[in-house]
Amino acid sequence: MTDAQRRAAAKQFAADWQGKGYEKGHSQSFWLALLQKVYGVEEPDKFITFEDQIMLDHTSFIDGFIPSTHVLIEQKSLGKELNKPIKQSDGSLLSPFQQAKRYAAELPYSQRPRWIVTCNFAEFYVYDMERPTGDPEIIKLCDLEREYYRLQFLVDTGDTNIKKEMEVSLQAGEIVGVLYDALLKQYKDPEAEETLKSLNALCVRLVFCLYAEDAGIFGAHGMFHNYLERHRAEDRRALINLFHVLDQKPEQRDKYLDDDLAAFPYVNGGLFADENIEIPRLGDEVIDLILAKASADFDWSAISPTIFGAVFESTLNPETRRSGGMHYTSIENIHKVIDPLFLDGLRAELEDIKEITVDKTRKAKLKAFQSKLASLTFLDPACGSGNFLTETYISLRKLENEVLRCMTDQISMDFDGIIQVSIGQFYGIEINDFAVTVAKTALWIAESQMMKETEDVVHMTLDFLPLKSYANITEGNALRLDWESVVPKHELDYIMGNPPFVGASMMTKTQKDEMFTVRGK
């Protein structure tokens, strides 16, 4: 099936099952149809099994199991909350995930699930048992048309989420590379250092605008696309005016500002603050590229902010990447560092708190745990485009969202202060000015995505703009800079990252001098 066919099938499946679903009567037909119509399994009845017996202290039944991909399914009826405990036949209170884990523990080792999916016909909660945590990935039935790939693991033994993120990143990188080359031709002095700095900043701004319109940050979908299309005849001036407005509070703006400009929100955060960057005339080629390939034909909201920096690698030549140390560390490898360093301990601590049966004590412990998350401070002294910082921020916010999920009855309608984990807890040092801008933008995108997840938890609409958090990324050489000027050591909890490595034979004289300087300290 092509991507378009898969999307159409997912859309139809979601429409067919909208508003219905009874655990005992509909489970099998639901999953058989999903596997066959959306994921192309020709004989789904041979691919998935239902009602397999499992012996606890009594006979129980696994709702669904896919042996080839090691997926265990715990199905509930429509309207059942997937994160709330349900009374079992033995009198115990277990959430659907806890119930599924109990079944999984009784299976032969070779049949243990890699994935556990709990479902209520409207939502899928996905748990990756390679990264056991109480914080699932949530896919809504109504979003299946554009997020079908997130359930691809049902039929694919690989980690499809990461594969999709890489696929999207490569597609975005190709777009940025083409856009970069087209824009470069418009500059009067394409070889000048200031030209390249301006072009890098312009590319970051354009991608932020493309992301903001797709993610709903600007408000109306396609807002940037429509603005540029209306003003294509005055393309350069239109961009300059837009960037100026995005950096202005509404009360500071011209009261006679055109309506299409006045509709854009105030961004803050400094991304649009520098009015000295050189912006050339775009021309029809660049305008068409932005409107069609970069805007209409691509969904920027699907980008993982953790690999946001990889989008821009195509704008730097290999020689620059080697000398500057810009490289991409995969999400899997990032977790090989941060999980044993602090995440595993935090996850275990939260699971222990959730098991406390005394309501008042559990809630007090949850509040204290959230405060602990918000108090941690991190430094990546060679942060590049922010991969380690961004993935760590996302991981902490997911833990915080799980805390909020457990305390939904305590959350007041005044949301100020409910989200406590901030990108302000994350510090970085980076020598490349372009990478500094990318790292800040990646953290802002991560903040917006996690805020959307929090909205689903607290059932409130939150305003992302203007940016209230600031990414503490310092431009400088970490081998010469006093780290305490970035973050005082008494405030710092963890130093992490993947510093660039250049072999001795390829080091410049300056790099060798810096190495000896550090050794002598």
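User: Which residues of helix 7 meet which residues of helix 17?

Analyst: In this predicted model, Lys197, Asn200, Val204, Phe208, Tyr211 and Ala215 of helix 7 meet Asp433, Phe434, Thr437, Val438, Thr441, Ile445, Ser448, Gln449 and Lys452 of helix 17. Contact means heavy atoms within 4.5 Å, and helices (H or I, at least four residues) and strands (E, at least two) are DSSP runs numbered from the N terminus. Residues are numbered from 1 along each chain as its sequence is written, and side-chain values use heavy atoms, without hydrogens and water. Local features need pLDDT of at least 70 and side-chain atom pairs count only at pLDDT 80 or more, while totals for chains, interfaces and linings use all residues.

User: Why are helix 7 and helix 17 called roughly parallel?

Analyst: Their axes come within 10 Å and cross at roughly 10°. Axes are lines fitted to C-alpha atoms, for helices over the stretch in contact, with angles from 0 to 180 degrees between N-to-C directions. Angles under 35 degrees count as roughly parallel, over 145 as roughly antiparallel, 65 to 115 as roughly perpendicular and the rest as oblique. Helix 7 and helix 17 are therefore roughly parallel.

User: What makes up the contact of helix 7 with helix 17, by class?

Analyst: This contact has seven nonpolar, five polar and three charged residues. Ala, Val, Leu, Ile, Met, Phe, Trp, Tyr, Cys and Pro count as nonpolar, Asp, Glu, Lys and Arg as charged, and the others, Gly among them, as polar.

User: What makes helix 7 roughly perpendicular to helix 9?

Analyst: Helix 7 and helix 9 pack at an angle of about 70°, with their axes 12 Å apart. That angle makes helix 7 roughly perpendicular to helix 9. Leu202, Arg205, Leu206 and Cys209 of helix 7 meet Leu239, Phe243 and Leu246 of helix 9. By class, six of these residues are nonpolar, none polar and one charged.

User: How do you know how helix 16 is turned relative to helix 17?

Analyst: The axes of helix 16 (residues 387-406) and helix 17 (residues 433-458) come within 10 Å and cross at roughly 15°. This makes helix 16 roughly parallel to helix 17. Among the residues in contact are Leu389, Tyr393 and Arg397 of helix 16 and Ala446, Met450 and Glu453 of helix 17. The contact divides into ten nonpolar, three polar and five charged residues.

User: Why is Phe124 called buried?

Analyst: Buried means under 20% relative accessible area, exposed over 50%, partly exposed in between (1.4 Å probe, protein chains only). Phe124 has a value of 0%, so Phe124 is buried. Phe124 is found in strand 7 (residues 123-128). Its C-alpha atom is separated by 5.7 Å from that of Ile138, 14 residues apart along the chain. Of the 521 residues of the protein, 50% count as buried.

User: What makes a set of residues a nonpolar core, and which residues touch the most other members of the largest one?

Analyst: A nonpolar core is a set of buried Ala, Val, Leu, Ile, Met, Phe, Trp, Tyr and Cys residues joined through side-chain atoms within 4.5 Å. The largest core holds 88 residues, and Phe224, Trp300 and Leu396 touch the most other members. Helix 7 (residues 193-215) gives the largest share, twelve residues. Apart from this core lies another of 32 residues, including Val38 and Phe153.

User: Which residues of helix 8 are buried?

Analyst: Helix 8 (residues 223-230) has Met223, Phe224, His225, Tyr227 and Leu228 as its buried residues. They pack against helix 7, helix 9 (235-246), helix 10 (259-262) and helix 11 (283-296).
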